[in-house]
Amino acid sequence: MASDEVILETIDLDKSFGAVHAVRSVSWKVFQGRVNALVGDNGAGKSTLIKLISGALQPNGGGFRVRGQETRIGGPAGAFGLGIAAVYQDLALVENRDVVMNMFLGSELTRGPGAIFLDHKGMLQQAHQVLDDIHARIPNVREMVRNLSGGQRQAVAVGRALIRGGEIIIMDEPTAALGVEQTQEVLQLIDTLREQGKTIILISHNIQQVFEIADYISVMFHGELLGTRTRDDATEADVVAMIMGKRSP
Amino acid sequence: MIGRLTQGDLGIKVRRREQILFLMDNGIYVVTVLLFIGFVFLAPYFFTTRNLVNILISASLAGIVTAGYTVAILAGQIDTSTQGVLAVATVTTALLFEEAGFSLPLTVVFALLAGIAAGLFNGLIVVNGKIVAFVATLATQGVMLAVALFLSGGQTITIAREGLQEAVFVRVFGIPSSVWIMFLCYILGWVMLTQTKLGAHIYATGADYRAALLSGVPVDRVIRVALVISALAAALTAVLVTARAKQSAMFGLAIAGSVDFVTALTAVLLGGFSLFGGVGRIERNLVAVLFLTILGNGLQLMDVATGVILIVRGFALVFAVILSVLRARMT
């Protein structure tokens, strides 16, 4: 673990909404090829922090270092360019479109003059390949997303992130709305992604789950980053205490 | 494994729902064929070449408007300004061709430009003003009707000059040019919606604005383009209507009785489109327009009073809205 490389780093990141100081001078290291969990109580600033990283929000102060280079993340498109892709809690899938069109939404493969025509065949093939790679078994990629199970939807959303060239994949409460069996499917999916060398940022409420899957556990409290532990160094009791605002033991 | 639980089948409930949706979506084909066969037996002169060509001509005008309208509604925008665009474009056509002495092609170009301008105006209010299209276009329609009234001096402009009507009366393989133009519009519409990136973005924007936005779809531009296409189709119809009648249509209404927002909306909803956008196939709309045209034509031939025909058409819209809402609840 000590030899893990930092792929993404926030430097004194700051974000306020009016009088609410949601993220306070957060310097956080995200390790390459690992599952980096971010935990904290409601309103601790987790969502704001990942929105800053995914380009959905712009910081009031501070910056980012990605693969050692200082950079700014201008918007979702800028984040994609850096290989950062967010899987939102509601997944942002279009219910009335099929799996393939959802996976390529906003980054469709095209052909022909001016690249205006869709490359349906190419998208179909690549969708199959990406879903196979993450061991997602979706019987028919022409199925409407509205007919998929929670686990399958998560796979589609992750597939979309991978198609976007996602190397750092942010997953926001991926199991919050799922039952036991589907939760296991998603945890397996996260494991598969890690095996393939992807970096995962995992936001979760579920401490047990975090201990089951994460390599690093970082805790936020009232907008501040209280600390990061490796899973093996931390106990559930420590982490729970930190979530309640107790600084390092 | 992901999807292990549901692999192979999606569950009986989901399958049944998909079957019902399929019937709701494709019922229009069956109903139209049945209606057609019914009138062959019930309505005198219905099944004559002359009448069938008449049906096609009348369907072509409503059909072109509806094709454009389809694009707007797919993008989630209920465009109610059709009448206004028709009015501006019909007056533009008549003024330029009759009074300014423009050539036919130039007249058409400027009438279409007027349509594009109207669509951009709609886009400005909807996108920049962040106002729901249904309300925004109701307001812009008022402006357009007033502009048309002002330009025409409140008069119907009669076209005495030759060349305009003759052009739309030209028949190719026995079918009038306006019908060919309609088919062309649907082919272009189908290609654009199913085979291009723009089409994919139009569907996605209408189906889920937020998801499309987060996925990097340029949603505002998509909405602008959809509104321009809708207005452009209305302007094209206006040229044809004006040419056929050899006069400008007051308020875009006088001659084009069946070419209006309500007909287009009825056709779109009967065709299985969602009022809320993102769902539907343009080819079904062509059939829905034929259905409405055949309905009006057949009843007329059976000597049914005009008032009754209007009531029937009114109920068609009511039924279509119910269908659309039922559909939306199921998905």
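This is a predicted model: local features need pLDDT of at least 70, side-chain atom pairs count only at pLDDT 80 or more; totals for chains, interfaces and linings use all residues.

Colleague: At roughly what angle do the axes of helix 7 and helix 8 of chain B cross?

Modeller: Helix 7 covers residues 177-195 of chain B and helix 8 covers residues 197-207 of chain B. Their axes come within 5 Å. The two helices are therefore roughly perpendicular to each other, and the crossing angle is roughly 75 degrees.

Colleague: Which residues of helix 8 of chain B meet helix 7 of chain B?

Modeller: From helix 7 of chain B, the contact takes in Met192(B), Leu193(B), Thr194(B) and Gln195(B). The residues of this contact divide into four nonpolar, three polar and no charged. On the helix 8 side of chain B, the residues are Leu198(B), Gly199(B) and Ile202(B).

Colleague: Let's turn to chain A. In what order do the six strands of its open sheet stand?

Modeller: The pairing in this sheet of chain A is mixed, and the twist averages 20 degrees from one strand to the next. Strand 6 (84-87) and strand 12 (224-230) of chain A each have a single partner strand, so they stand at the edges with one side left without a neighbour in the sheet. Reading across chain A, the order is 6-9-10-3-11-12.

Colleague: How many bridges join strand 3 to strand 11 of chain A?

Modeller: Strand 3 (residues 35-40) of chain A runs parallel to strand 10 (residues 199-203) of chain A, and four bridges join that pair. There, Ala37(A) has Leu202(A) as its bridge partner, and Leu38(A) has Ile203(A). Toward strand 11 (residues 216-221) of chain A, Gly40(A) stands opposite Met220(A). Strand 3 and strand 11 of chain A also run parallel, and the number of bridges joining them is five.

Colleague: Is strand 3 of chain A largely enclosed or largely open?

Modeller: Val35(A), Ala37(A) and Val39(A) point one way from strand 3 of chain A, while Asn36(A), Leu38(A) and Gly40(A) point the other way. Both sets are buried. Since six of the six residues of strand 3 of chain A are buried, the strand is largely enclosed.

Colleague: Which strands of chain A does helix 6 lie across?

Modeller: Helix 5 (residues 150-163) of chain A lies across strand 6 and strand 9 (168-172), running at about 165 degrees to strand 6 of chain A. Helix 6 (residues 180-195) of chain A runs at about 150 degrees to strand 10 of chain A. The strands that helix 6 of chain A lies across are strand 3, strand 9 and strand 10.

Colleague: How many residues of helix 1 of chain A are buried?

Modeller: Helix 1 (residues 46-53) of chain A is mostly covered. Its buried residues include Lys46(A), Ser47(A), Leu49(A) and Lys51(A). After helix 1 of chain A comes Gly55(A), with a positive phi near 85 degrees. The count of buried residues in helix 1 of chain A is eight of eight.

Colleague: Which elements of chain A give two or more residues to the side that touches chain B?

Modeller: In this contact, 32 residues of chain A meet 28 residues of chain B. The side of chain A that touches chain B has 16 nonpolar, nine polar and seven charged residues. The elements of chain A asked for are helix 2 (76-81), strand 8 (117-118), helix 5 and helix 6.

Colleague: One last stop: is Lys130(B) buried or exposed?

Modeller: Lys130(B) sits in the loop between helix 4 (104-128) and helix 5 (133-152) of chain B. Its phi is positive, about 50 degrees, although Lys130(B) is not a glycine. Because Lys130(B) has 9 C-beta neighbours inside 10 Å, Lys130(B) counts as exposed.

Key. Residues are numbered from 1 along each chain as its sequence is written. Chains are lettered from A and ligands numbered from 1 in the order in which they are written. Two strands pair if DSSP finds at least two bridges between them. Axes are lines fitted to C-alpha atoms, for helices over the stretch in contact, and angles run from 0 to 180 degrees between N-to-C directions. Two residues are in contact if their C-beta atoms, placed from the backbone, lie within 7 Å. Ala, Val, Leu, Ile, Met, Phe, Trp, Tyr, Cys and Pro count as nonpolar, Asp, Glu, Lys and Arg as charged, and the others, Gly among them, as polar. Angles under 35 degrees count as roughly parallel, over 145 as roughly antiparallel, 65 to 115 as roughly perpendicular and the rest as oblique. A residue is buried if 20 or more other C-beta atoms lie within 10 Å of its own, exposed if 12 or fewer, and partly exposed in between; C-beta atoms are placed from the backbone.
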